[in-house]
Amino acid sequence: MDPATVHQLVKAIEAKDLSTAAHTWRVVLYSRAMLEAVRADQATIHAVTQGAALHDVGKIDIPSAILTKPGRLSPEEFAVIQQHPVTGYARMVAMDVEDQHILDLIRFHHERWDGLGYPYGLKDGEIPLVARYFAVIDAFDAMTSVRPYRHEVGEQAAAHALVELRNGAGTRYDPDAVRLFADLFERGSLTWILNYFNDGTPIPDFTPDESAVALIGP
Ligand SMILES: [Fe+2]
C-alpha cells in the first residue's frame with residue numbers, strides 16, 4: 001500500500017480513539033523486530049508492518065459512543081466492537097488492497113488458538129500465521145501500556161505480561177509465537193519498544209515521510 005494512504009488511515013484510527021496512537025506504533029515495532037528475528041524478506045516485513053499499523057482500521061466504522069464508553073459494555077455493544085475485524089477487512093477490500101498479509105492480519109487478529117476468539121472462531125492452524133503472531137504482540141502491548149489503573153509499569157509490567165502469555169500458550173495463543181516473543185524480550189531486543197511513547201506524553205504529529213511511517217518496511 002502507498003505509505004501516504006496508510007498514514008491517513010492511521011490518523012483516522014487515532015482520531016477515533018486517542019488511546020491507540022502510541023499502541024499503533026509499538027505494535028508496528030514489535031512486528032518488525034519479530035520478522036527480522038526470523039529473517040523474513042523485505043516484502044513480507046513491509047506488508048506485515050503495514051497490516052500491524054492498520055490492524056484496528058475497522059474501528060473507524062464503530063460508533064465513538066461505544067468505542068470510548070467508560071465502564072462496562074452491554075452484550076450488544078460488545079457484539080458491535082467484535083465486528084471491527086470484519087469492517088476493517090471490508091474497508092481494505094473496498095480500497096482494492098490485495099496483499100494477503102495485510103488482509104489476514106486485519107481480519108483475524110482477534111482469533112484465538114483454542115477457537116474461542118472472534119469474529120469467526122477459527123482455531124490453531126486455521127488462523128493465518130501473521131494473525132497468530134500478531135495476537136501475542138497486541139496482547140503484550142495491552143498488558144504493558146501505561147494506564148491510570150495500572151500500578152506496574154515498564155519491566156515489571158513486562159515480566160507479568162510474559163507470565164500471562166506463557167500461561168495462555170496453547171489456549172489463547174500459538175505456543176511458537178509466545179516462545180519467539182518471550183525469547184526476544186528476555187534477550188533485551190524489545191525493551192526499547194516497551195517504553196516507546198509509553199509515558200503518557202502525546203505522540204508527535206508525524207507526516208508520512210517522517211520516522212513513524214518510515215518504520216514500516218523499506
Ligand atoms: Fe482489534
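The model is a predicted one, in which local features need pLDDT of at least 70 and side-chain atom pairs count only at pLDDT 80 or more, while totals for chains, interfaces and linings use all residues. Residue numbers start from 1 along each chain as its sequence is written.

Proline 175 belongs to helix α10 (residues 175-186). Helices (H or I, at least four residues) and strands (E, at least two) are taken as DSSP runs, numbered from the N terminus. Leaving aside residues up to four places away in sequence, proline 175 touches Ala169 and Gly170, where contact requires that the C-beta atoms of two residues, placed from the backbone, lie within 7 Å. Across a separation of 51 residues in sequence, proline 175 and aspartate 124 have their C-alpha atoms 9.8 Å apart in space.

Aspartate 124 itself sits in the loop between α7 and α8. This aspartate has a positive phi of about 20°, although it is not a glycine. Because aspartate 124 has 14 C-beta neighbours inside 10 Å, it counts as partly exposed. The loop between α7 and α8 also holds proline 119, which is joined to tyrosine 118 by a cis peptide bond with omega about 0°. A positive phi, of about 65°, is found at aspartate 96 too, again not a glycine. Aspartate 96 is placed in the loop between α6 (84-94) and α7, and it counts as exposed because it has 7 C-beta neighbours inside 10 Å.

Turning to the overall fold, the protein chain contains 12 helices and zero strands. Read from the N terminus, its elements therefore give the run α-α-α-α-α-α-α-α-α-α-α-α. The chain has 218 residues, of which 37% count as buried. Among contacts between residues at least 6 apart in sequence, 68% join residues at least 24 apart.

The largest nonpolar core has 49 residues; such a core is a set of buried Ala, Val, Leu, Ile, Met, Phe, Trp, Tyr and Cys residues joined through C-beta atoms within 7 Å. Ile102, Leu105, Phe134, Val136, Ile137 and Phe181 have the most contacts inside this core. Helix α2 (residues 20-37) supplies the largest share of the core, nine residues. Not counting residues up to four places away in sequence, isoleucine 137 touches Val27, Tyr30, Ser31 and Phe181.

How do the helices pack? The axes of α2 and α8 are 10 Å apart, and the two helices pack at an angle of about 135°. Axes here are lines fitted to C-alpha atoms, for helices over the stretch in contact, and angles run from 0 to 180 degrees between N-to-C directions. α2 and α8 are therefore oblique to each other; angles under 35 degrees count as roughly parallel, over 145 as roughly antiparallel, 65 to 115 as roughly perpendicular and the rest as oblique. The crossing of α2 past α8 is right-handed, a term used if the near helix is turned clockwise from the far one by less than a right angle, with anticlockwise giving left-handed. On the α2 side, the contact is made by His23, Arg26, Val27, Tyr30, Ser31 and Met34, and on the α8 side by Tyr133, Phe134, Ile137, Asp138 and Asp141. By class, this contact has six nonpolar, two polar and three charged residues, with Ala, Val, Leu, Ile, Met, Phe, Trp, Tyr, Cys and Pro taken as nonpolar, Asp, Glu, Lys and Arg as charged, and the others, Gly among them, as polar.

Helix α8 (residues 129-144) also meets helix α7 (residues 100-108): their axes come within 8 Å and cross at roughly 50°. That angle makes α7 oblique to α8. α7 passes α8 in a right-handed crossing. His101, Asp104, Leu105 and Phe108 of α7 make the contact with Val130, Ala131 and Phe134 of α8. The residues of this contact divide into five nonpolar, one polar and one charged.

Finally, alanine 53 is located in helix α3 (residues 42-53). Alanine 53 counts as buried because it has 27 C-beta neighbours inside 10 Å.

Terms used
Buried ≥ 20, exposed ≤ 12 C-beta atoms within 10 Å, placed from the backbone.
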